[in-house]
Amino acid sequence: MEIAKVTSKGQITIPIDIRKKLNLKDGDKVIFIEEGDKIIFANAAKVAFINIQKAFEGEAERLGLKNEQDVVDMVNEIREEMWKERYENND
């Protein structure tokens with residue numbers, strides 16, 4: 001357990017062990033999440049990344065993407081479609 005003192009401006013210094021565990025660097029943002037009577041303190045970038053992962057869960061299977069080459073092929077197809085829409089349909 002770590003303890004931090006709150007200043008008159010509401011600031012705290014995050015103990016080094018906690019900063020290391022959360023991989024916090026100078027300028028990083030943190031998030032406070034309320035869960036019942038607890039407040040969870042976390043690295044905001046990590047929370048955002050986890051939420052994005054959850055949002056995309058199952059999408060590769062739904063799109064039939066089985067490997068990295070399938071992703072590359074899909075990106076190339078989309079680029080080709082965008083190129084055609086932008087330049088070939090504006091004659």
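This is a predicted model: local features need pLDDT of at least 70, side-chain atom pairs count only at pLDDT 80 or more; totals for chains, interfaces and linings use all residues.
The expected span of a helix is 1.5 Å times one less than its number of residues. Helices (H or I, at least four residues) and strands (E, at least two) are DSSP runs, numbered from the N terminus. With those conventions stated, I begin with helix H4, residues 68-88: its 21 residues reach 29 Å from the first C-alpha to the last, close to the 30 Å expected at 1.5 Å a residue.

Residues are numbered from 1 along each chain as its sequence is written, and side-chain values use heavy atoms, with hydrogens and water left out.

Let me turn to the overall division. The protein is split into domain 1, residues 1-57, and domain 2, residues 66-90, with bounds that come from an automatic or database domain assignment. Between the C-alpha centres of the two domains there are 39 Å. The UniProt record, an unreviewed entry, places the feature "domain: SpoVT-AbrB" at residues 1-46; positions are in the numbering used here, feature names are shortened, and such annotations may be inferred rather than shown by experiment. Over residues 1-46 the chain is 22% helix and 26% strand, and its end C-alpha atoms are 22 Å apart.

Next, the strands. Strand E1, residues 30-35, runs antiparallel to E2 and is joined to it by six bridges; two strands pair if DSSP finds at least two bridges between them. In this hairpin two residues lie between the strands, and Gly-36 takes a positive phi near 65°. Ile-33 stands opposite Ile-40 in E2. Ile-40 also touches Ile-31, Phe-32 and Glu-35, among others, when residues up to four places away in sequence are not counted; contact means heavy atoms within 4.5 Å. With a relative accessible area of 34%, Ile-40 is partly exposed. Here buried means under 20% relative accessible area, exposed over 50%, and partly exposed in between, with a 1.4 Å probe and protein chains only.

Which residue in E2 is the bridge partner of Val-30? The partner is Asn-43, a residue of strand E2, residues 38-43. Asn-43 counts as buried because its relative accessibility is 5%. Leaving aside neighbours within four places in sequence, Asn-43 is in contact with Leu-22, Asn-23, Leu-24, Asp-28 and Lys-29. A polar atom of the Asn-43 side chain lies 3.5 Å from the backbone oxygen of Asn-23. A polar contact is a pair of N or O atoms within 3.5 Å; within protein, one must be able to donate a hydrogen and the other to accept it, and residues adjacent in sequence count only if both atoms are side-chain atoms.

Asn-23 itself sits in the loop between helix H1 (16-22) and E1. Its phi is near 55°, a positive value in a residue other than glycine. At 40% relative accessibility, Asn-23 counts as partly exposed.

Helix H2, residues 44-56, has 13 residues and reaches 19 Å from its first C-alpha to its last, close to the 18 Å expected at 1.5 Å a residue. Just after H2, Gly-58 takes a positive phi of about 85°.

Finally, I return to H4. At its start, a side-chain oxygen of Asn-67 reaches to within 3.0 Å of the backbone nitrogen of Gln-69. Within H4 we find Met-74, which is partly exposed, with a relative accessible area of 28%. Apart from neighbours within four places in sequence, Met-74 is in contact with Leu-63 and Leu-65. The C-alpha atoms of Met-74 and Asp-26, 48 residues apart along the chain, are separated by 38 Å.
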